[in-house]
Amino acid sequence: MESAIRVVELSSPLSRFAGRILVGLGYEVVLIEPPEGDPTRRELDGHAFTHWHAGKKSVTIDVETAVGRAELAHLVAGADVYLDGSAVGDEPIELAPGSVVHVRVTPFGVDGPRRQWCATDLTLAALGGMLAQVGEPAGPPLSLPQGQAEQLAGVNAAIAVLLGLRSRRQGPVPLIDVSAQECVAAGLEAGALAYLHEDRVPDRPGRVHPLVPHGLFRAADGYVGGGLGGSPRMWDALVSWLVEEGAQEDLDDPKWADPVERKEHQDHIFAVLQGFLDKWPKEDFARAAQQRKLPWSAVVRPDELLSNPQLQARDFFVDVDEPGSTVRDLGFSFPFPEGGRTRALPVPPIGAHQFLLDEPEPEVLEPTVTASGPDLLPLSGVRVLDLTWVLAGPYCTQILADHGADVIKVESSGRPDPTRFAPFMHLSRGPHDDPNTSGYFNDVNRNKRSITLDTRSEAGLAVLADLVAQSDVVVENFSSSVMEKMGFGYERLRSLRPDIVYVSMSGTGHTGPRRDWVTYADIVSAATGLTALTGWSADDVVGVIYGHGDIVAGLHGAAAVLAALEHRGRTGRGQHVDLSQLEAMASHMGTSVVQATGAGQLPVPLGNAHPDMSPHGVFRCLGPDRWCAVTVRDDADWTRLCAVIGRSRWATDERFRTPGARRAHEADIAAAITAWTSPRPADLVAEQLQQAGVPAGSVQNGRDLVEADPHLRARGYYVPAVHPRAGAFLHQGAPIRVGKAVTIRQPAPVLGADTDAVLREVTGYSAETVARLRADSVLT
């Protein structure tokens, strides 16, 4: 089917994933390549290009020339979207606000003191706070594999494109500014929130989750990820299993029923579990645990991911047609549109679509304006019924709320949000018994309204049905069977609102043999290959323990909502988007699968090293636990680095002429860099290297981000607001700016505070009806 949307992509490592996501939505994406071809054509024997750019069209343009810039301007004028990965100060063309959606995705945004700093995935992960959250407490910060910082920028850029398409219904679209550093800073789970709300900077957690009782454990043939879960049922089931196997030691003592006691003596419980796990093969243990509804997963390698029965049953993988062969690769994070799956993609030969340059100059059409106003946000007028909890779902709906949607959070005494109530997730300077003072909850639920409803009663479900009938979108992240059991499967939702957009965000999806598996973010990371590649070697895996998988799922959930709204705007049809958090995280595994299936190479953990750049690492600086990330992209960077650290002769030394040669002498080079960095503050190291044109960035923790980063401060990234119970505090900002920065229009809702207003305004209930429902305890 002919795509209704054309995207012109001027690619970079920060924009290419956005283009890939848009291909998965069925959009026509035109990749602009330099005359020698995109750099990824020369990585992994061309298989890197296969992953990032299959399904796109290829046009070669030399944007360094006047003719090339005119050609690019001509192509963009006929497009709906210009996805612009050019560096600040090196833009080949300028666009005025109009009907073309112009998304700029750059390392640090289009303004601010560091807007022209150079960056790589490692330095963005450092400056954005990601590196500070991974690794052993006593060791160096550890990089997440497969360019996770770059991919966070990419999925945010895809969301920005979809927001822009929505915004152009209101008139000329302003420049949309996406900062990669802010994309990383916005995705740290509690990384900065612990400092904002508890004046605390957590240590790197190693192999144990900093908040919940989960971690990484050795099995007989590898690793497993999981833990005690989040409910009394899970603890009881785990202890029963241990008793059956005679492996409980003292864990059947009634004192361990207290979750506070378990948290205080977690090391002991984990030691008992490790003794039990030693005899189990990883897959056997995961299956046995999941049969008991316990949250565990084998830690799988990317090549093992291909045999995952859930991903196979849901047709997640795609076949990519390269010249002379077909290669299996990762698919997309959700089936779209209307449940469709992309099964195969072609790899475009370089310049295969030059004929697009010969298309006639398009007629400039004014956008059809459905609403207007200076303060109108892209999602103004969209109502979202939010049935989500914890992090993945609320992060999705936070993005929608930040950009103007009326998000109504339905809360229930039967299903309270753990982030309001659980002491270890509460994050507050005061006592942990007030559901309205949780910093964790209050940051991710700003700009929303709260209604409390007893969804275990028929009357409560009737109220929920009336809310559905008046909503554009329903989002939930329950396990796969919950909505059907409540009587609110997609068919019921569609009977209440025929064009409803329903996005479910279960752990593994609503279909498939593992649809009922219990997952948390660390489980998803273990099951997709991310954990297996986060470490120093295959025998020294550290893993990703914090909620990176939840953040990724939330971002793709927001993209799914926006894509479905755009589809509805063009076709009049709603749909159910069955988003699997497993598939969302798997889609972020970059070239790891195509490396195995195409290049025939088994991906392994690299620590902070890089397959093509050297040196590439994190180096100790002055002060306790202070580090700076430094990367050398090419020979020019190497020459500049040598000059800065006082080793100018090394620039022409044959021992160090190529990245491979430098890797062979990695220890000597690292020692020389450390000798220069260790007596200097990390910020000074980064500034001196950046002045020389070498990508570098200090490893920032939550305190650094909030208090010390001059660039984030200049851009007003952390936003103050006053909560009626929690008082004044800073909120994390939003990394997407549609013309201007997102504001906190209202703080996170006090539990149930908006119930009466929502029922009057949305469902039209009378004051008497509301009073009766309250008297009957329907409004809990």
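The model is a predicted one, and Ser 777 is found in its segment after helix H32 (767–775). The phi of Ser 777 is near 60°, a positive value in a residue other than glycine, and most residues other than glycine have a negative phi. The points below turn to other parts of the chain, grouped by topic.

- Thr 123 lies in H4, which spans residues 121–128, and it counts as buried at 0% relative accessibility; leaving aside neighbours within four places in sequence, Thr 123 is in contact with Ala 629, Thr 631, Pro 695, Ala 696 and Gly 697.
- A polar atom of the Thr 123 side chain lies 2.9 Å from the backbone nitrogen of Thr 120.
- Asp 625 is placed in the loop between S21 and S22, where it is partly exposed with a relative accessible area of 39% and has a positive phi near 55°, although it is not a glycine.

**Helix H28**

- In helix H28 (residues 682–691) the buried residues are Ala 682, Val 685, Ala 686, Leu 689 and Gln 690; seen down the helix axis, they fall within an arc of 125°, so they line one face of H28.
- An α-helix has 3.6 residues a turn, so residues three or four places apart point the same way.
- The buried residues of H28 pack against strand S22 (627–631), helix H25 (635–644), helix H27 (666–677) and strand S23 (696–698), and just after H28 the residue Gly 693 takes a positive phi of about 90°.

- Just after H11, Lys 293 takes a positive phi of about 60°.
- The whole structure holds 18 aromatic pairs, one of which joins Phe 217 and Trp 296 in a tilted arrangement, at 5.3 Å centre to centre and with 55° between the planes; Phe 217 lies in strand S7 and Trp 296 in strand S9, so this pair ties together parts that are 79 residues apart in sequence.
- Phe 217 is buried at 3% relative accessibility, and Trp 296 is buried with a relative accessible area of 0%.
- The ring centres of Trp 280 and Phe 285 lie 5.6 Å apart with their planes at 75°, so this pair is edge-to-face; Trp 280 is buried with a relative accessible area of 16%, and Phe 285 is buried with one of 1%.
- One aromatic cluster is formed by Phe 217, Trp 241, Phe 270, Phe 276, Trp 280, Phe 285 and Trp 296.

**Val 105 in strand S5**

- Val 105 belongs to strand S5 (residues 101–106) and is buried, with a relative accessible area of 0%.
- Leaving aside neighbours within four places in sequence, the contacts of Val 105 are Leu 14, Ser 15, Asp 84, Gly 85, Ala 153, Ala 157 and Val 178, while Ala 160, which is 55 residues away in sequence, is 9.4 Å from Val 105, C-alpha to C-alpha.

**Cis peptide bonds**

- Most peptide bonds are trans, but a cis peptide bond with omega of about -5° joins Phe 336 and Pro 337, and Pro 337 lies in the loop between strand S11 (325–329) and strand S12 (344–346).
- Ser 614 and Pro 615 are also joined by a cis peptide bond, with omega of about -5°, and Pro 615 is found in the loop between helix H24 (592–597) and S21.

Definitions and conventions: Residues are numbered from 1 along each chain as its sequence is written. This is a predicted model: local features need pLDDT of at least 70, side-chain atom pairs count only at pLDDT 80 or more; totals for chains, interfaces and linings use all residues. Side-chain values use heavy atoms; hydrogens and water are left out. Buried means under 20% relative accessible area, exposed over 50%, partly exposed in between (1.4 Å probe, protein chains only). Helices (H or I, at least four residues) and strands (E, at least two) are DSSP runs, numbered from the N terminus. The arc is that of the directions from the helix axis to the C-beta atoms. Contact means heavy atoms within 4.5 Å. A polar contact is a pair of N or O atoms within 3.5 Å; within protein, one must be able to donate a hydrogen and the other to accept it, and residues adjacent in sequence count only if both atoms are side-chain atoms. Rings of Phe, Tyr and Trp (its six-membered ring) pair if their centres lie within 6.5 Å; planes under 30 degrees apart count as stacked, over 60 as edge-to-face and the rest as tilted.
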